[in-house]
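The following explanation leads the reader through the structure displayed below.

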Amino acid sequence: MTQINLFISSFKKYYKRIGKILFVMLLCLSMKNILDYMYVNYDDSQWVRIIWRAFYNEEEIDNLYLGSSHVYCDLNPYLLDELNGENNFSLSTSAQRLNGSYYLLKEADKEKELSHVYLELNYGLATGKDGEFKDPDNLTANWWNVDYMRFSPNKLEYMFTMCDKENYPETLLPFLRYKTRIFDLNYIKEQVEGKQKENYKNYEFRSENEQGQIIEFYEKGYWKVTRELSPYGLLMEQKDGLQENPLTQDAETCLRKIIEYCQEEQIEITLFSTPVYELDLIATGNYDAYVSQINEIAEEYQIEYYDFNLCKEEKLPLQSVDNFWDTIHLNSKGADTFTRVFWDVVENNQKDYFYDSFEEKLNNAEERVYGFTYSKGTENREFKIASNREENLEYRVVNVSEDGEALIQDYSTNKEFSIPYDTSGKCKVEVRRIGETEAFQVMEIMY
Amino acid sequence: MLFNSIDFVVFFPIVLIIYYCIPIKYKHLWLLLSSYYFYMNWNPAYGLLLFFCTFLTYAGGLFIEKIRKQENKDKSASQAKICLALCLCLNLGILCYFKYSRFLGGYFSKLISVLHVPVEINMTWTESIILPVGISFYILQSLGYLIDVYRKEIYAEKNFFRYALFVSFFPQLVAGPIERSKNLLVQLAQPQKLSWDNCKKGLFIMSWGFFLKLVIADRAAIFVDMVYENCDRYTGLYIVIATVLFAFQIYCDFYGYSIIAKGVSLFFGIRLMDNFDAPYFSKSVAEFWRRWHISLSGWFRDYLYIPLGGNRKGFVRKQINKMIVFAVSGLWHGASIAFIVWGALNGFYQVVADIVHRNRKANQSAGKILTVCKCLGTFLLICFAWLFFRAGDMSDALVLLRNMCCFNWEILVNGELFTLGISKEFFTVLIISIGILGCVDYLKYQKKDVVDILVQKKWWVQGIVIVMLVYAILVFGCYGVEYDTNQFIYFQF
């Protein structure tokens, strides 16, 4: 009897202690949630919040599209549903790098019966310097994903591999990312009010500017954007130039992991790159280096890779400002065109729609100026006219400012000129073929 | 490995869980392994040095005890003395080599060039010597053990692994407290069972330690570093404020480390000594040194001041002994003239106080205002000495002293004060935190320990306090990529 009493009293003691520990944990969690509510920016991650909720609510997914903003802007899953009669879902999030895609794929495979994965490969998120995946400046996209993923071993692995250990606190506790605003009462008020709005509570987002152009989020992973590329977007900084095998080691490792995971789990996988405004690719210096490395990897695993930047213009007529809302994202008009061609290509393996290289595509396209690239000089910005011909074209450049028009150069084959740093305005470039008198293209570029 | 690092957040629970899962006879071995892992995280090679010093003092202790058992008392006493002297010389030699080679090498080179001695001596090799973390602490701790054995105050430890754990016990290995064998070695021999109360208390103490380090010390460091590292650019109040902040920075940094060590040890059922006892409430410099870095002051008192004669050989000799102890203490802190000046200044304060008090009857019933004035006066004297300590270099210290004599009160109102890396809001948080520290220390001065008071409260009150403390650290603490994780200041000693 005494032993039973002893057992009961010690059981009660431990029971109470566990209760106390749970109380402290609950208190910690409540504090975290209160601080998150006060500090986490409601606007920044709205899209990710909507897409993860939609993903978990989706009953089944046949075709999963993974990738960055290019996917949710360029591919319309609702149109794909109509085209293929299957359930298409785009689990695409802003600046999604390949390490993120890997864990999102595993999450999707855990939750749904996938039959096909389409993985977008944008050069901007897969090239650069090694270690960029864990660079604190690049963590935001991954942070948003783990903020809205359900708790699982996969989420834990994602959290602890996405960053260096110095960033674990911010990864685990989102409010810590806003430490610089800890005393900003206006900011806190803005966040609390924002989170109480009906559209936020209902997981809706729609914005409309004065010109009636809209951005609207759709749950299956689509942004309907009706804006058009502005003249400011036609000026791009010249990049360092892609070297041979430009994929970072991290990117290549993750890409291989994704492919191998799909092959092990018997999920079909197709790689693709979405079309961008070609000025962006010209500014890379050597886009073909990227294409050939991805092609090599795709061949090694015997999977398909379609780079729609190499697609013939007659098959995919997108290279005009009314199809883009910035140089790397299509608007809804461009997205509708692209989605139809995309499905035609992947369904029928339309290899003949493509050139072998980007250089070949530029040479075969109609003569054209895309905009300007610039590099930073000591006193001036060094501008260069980006066209798809090195010869046969002449350019007349006029600087238009508040003071009136000033001729920078009359018709000449020269493509380079300088503009001082502290000036802004507009350049008008007129293009004609050598031997002709009339310009066949006139373009205005803001700087 | 730093206490304020993610590595430690992983390391500590693993060590703790395994410690309580393994049989008693392996517990000290496990702690020893963990301690060496903890230490060798900085530089694996220094693990060998730690081992060598441990082995030397272990063997020395056994040998002294063995000699002592000989029948010929006179012979054995002299042999034991030789053995002790040998061990002391070897250990202090190692310490001097790592700590003072560069300092002495520099002065030696200067001396040769001043005297125009036509001999070329290359002392550049001294510049490549890196000071092993915590060497000053573990060498003093092991020498303390050896002297205790020599004085027959304790028996020599037979179990090498237990002794090695005494020297390398990870919570206090790199920055103290410098434990006495009578306290720590005995506890290591009797492993405790997991205790709910110890863990609870340990958690409170650790959290308070992290609060001191991350919220006060590392925040104050931003301002202090800015002023002291650009000493020719800042004048007047900037230097005064930076020096006062440094007084709190070094206190919170070192006290923070000491109580984190204390809290961590409590999880293992081991009670480390208190290293600080509300020092800034001291009414005299002598009292300050009884309350500041108690383990070091005690070590110097027992193993240097008393052997020198202490206060037994007359007034003048007592003052000389004090000056020697404080100059050595300064030198222990760093190989620089500025540290010696800092130590000597503290000794000088006490000599002057002794001379003044010698001719005056002690005032037993000092009024409150006088008490506050005494505390304030002591604090200012200590701050003045800290200026030399923080400057670390005599020429910088002199520049600071010269620049301090400039009145720029306007910085208190025109906002310029907040352009040195701490915003107005964080400055306010810093001042409030120092205020909280003041309240806690005042209670301690009144012999009331806040942690003891807290553990008497209702369990839910304790829960709320601990959660608030943790979140205060998370929100207001300096850590992560935007701050260079600050090492504890005393690691460099």
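Two residues are said to be in contact if their C-beta atoms, placed from the backbone, lie within 7 Å. The model is a predicted one, in which local features need pLDDT of at least 70 and side-chain atom pairs count only at pLDDT 80 or more, while totals for chains, interfaces and linings use all residues. Residues are numbered from 1 along each chain as its sequence is written, and chains are lettered from A and ligands numbered from 1 in the order in which they are written.

In chain B, the domain assignment gives domain 1 (6–191) and domain 2 (198–283 + 405–492); such bounds come from an automatic or database domain assignment. The centres of these two domains of chain B, taken over C-alpha atoms, are separated by 30 Å. Across the boundary, 16 residues of domain 1 of chain B are in contact with 17 residues of domain 2 of chain B. On the domain 1 side, helices H1 (6–21), H7 (170–173) and H8 (181–189) of chain B each supply at least two of the touching residues. The largest share, three residues, comes from H1(B). Helices (H or I, at least four residues) and strands (E, at least two) are DSSP runs, numbered from the N terminus.

Residues of H13(B) including B:Phe326 and B:Leu331 meet residues of H14(B), among them B:Trp342 and B:Val351. The residues of this contact divide into 10 nonpolar, eight polar and two charged.

In chain A, an open sheet of four strands has the order S15-S14-S17-S18, with antiparallel pairing; two strands pair if DSSP finds at least two bridges between them. S15 (404–412) and S18 (441–446) of chain A each have a single partner strand, so one side of each is left without a neighbour in the sheet. Within the sheet, eight bridges join S14 (residues 393–401) of chain A to S17 (residues 426–433) of chain A, and A:Tyr395 stands opposite A:Val431 in S17(A).

Terms used
Nonpolar A, V, L, I, M, F, W, Y, C, P; charged D, E, K, R; others polar.
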